Amino acid sequence: MIGVSDIGKVGVLVVALSAGVAAADIGQDDLESVAVSYAELDLSKPAGAEVLYIRLQRAAAEVCGFHDRSSSLFSAATKTDKQACYVEALSRAVAQVEAPLVKEQHEG
C-alpha cells in the first residue's frame with residue numbers, strides 16, 4: 001500500500017509496501033515505509049520532477065529490500081519478488097503524487 005499521509009498535501013509522500021506479500025494480506029504494522037519529502041520542489045519544472053522521481057526510486061528500493069547487503073545470498077525467486085515489489089511501489093508512489101512531469105519520468 002502506498003499512500004499520501006495527511007502531511008502529503010504539503011509535500012511528504014509515504015512509500016510503504018511489504019516485499020513479496022500483497023498489501024491486503026498484511027497489517028499496517030507489517031509494512032515497511034519511507035517518507036519522501038518534496039515540499040521544496042517545483043513539480044511543474046522538469047528538474048523538480050526528476051529530483052522527486054529519483055527520491056521515489058530510492059524509497060521504493062529501500063522499502064523492497066534492495067539495500068540489504070546480503071542480497072547476493074537471495075535466490076532468483078526472491079530477487080524477482082523484490083523487483084515486482086519495486087515496480088509496484090514506485091508505480092503507486094508516482095500515481096499518488098499526481099504530477100504530470102513525474103509521471104513522464106516514470107513512463108519515459
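Predicted model: local features only at pLDDT ≥ 70, side-chain atom pairs only at ≥ 80, totals over all residues.
1. Across the chain the mean pLDDT is 75, with 66% of the residues at 70 or more.

2. Now the layout. You'll find 3 helices and 3 strands, and reading from the N terminus the order is β-β-β-α-α-α. The chain has 108 residues, and buried ones make up 35% of them. Among contacts with a separation of 6 or more, 53% are between residues 24 or more positions apart.

3. Which residues have the most contacts inside the largest nonpolar core? They are Leu13, Val15, Val36, Leu43, Leu52, Leu56 and Val102, in a core of 25 residues. Strand E2 (12-17), strand E3 (32-37), H1 and H2 each put in at least two residues, and H1 gives the largest share, with 8. As background, nonpolar side chains tend to be buried together in soluble globular proteins.

4. Setting aside neighbours within four places in sequence, Leu56 is in contact with Leu13, Val15, Val36, Leu90, Ala93, Val94, Val97 and Val102. Leu56 itself is one of the buried residues of H1.

5. Helix H1 is worth a check of its own. Its 18 residues should span 26 Å at 1.5 Å a residue, and the C-alpha atoms at its ends are 25 Å apart, so the two values agree. Its buried residues are Gly48, Ala49, Leu52, Tyr53, Leu56, Ala59, Ala60, Ala61 and Val63. After the helix comes Gly65, with a positive phi near 85°.

6. Is Ala47 buried or exposed? This residue lies in helix H1 too, but Ala47 counts as exposed because its relative accessibility is 51%, and the cut-off for exposed is over 50%. Ala47 and Val102 are 55 residues apart along the chain, and their C-alpha atoms are separated by 9.9 Å.

7. Last, the cysteines. How many disulfides does the model have? The count is 1, and the bond joins Cys64 to Cys85, with an S to S distance of 2.0 Å. The link ties together distant parts of the chain: Cys64 sits in the loop between helix H1 (46-63) and helix H2 (76-97), Cys85 sits in helix H2, and the two are 21 residues apart. The link is left-handed, with -75° about the S-S bond, and both Cys64 and Cys85 are buried.

Technical notes: Residues numbered from 1 in each chain as written. Heavy atoms only, no water. pLDDT = per-residue confidence, 0-100. Helix = DSSP H or I, 4+ residues; strand = E, 2+ residues; numbered from the N terminus. Buried < 20%, exposed > 50% of the residue type's maximum accessible area, 1.4 Å probe, protein only. Contact = heavy atoms within 4.5 Å. Disulfide = S-S within 2.5 Å. Core = buried A, V, L, I, M, F, W, Y, C linked by side-chain atoms within 4.5 Å. Expected span 1.5 Å × (residues − 1).
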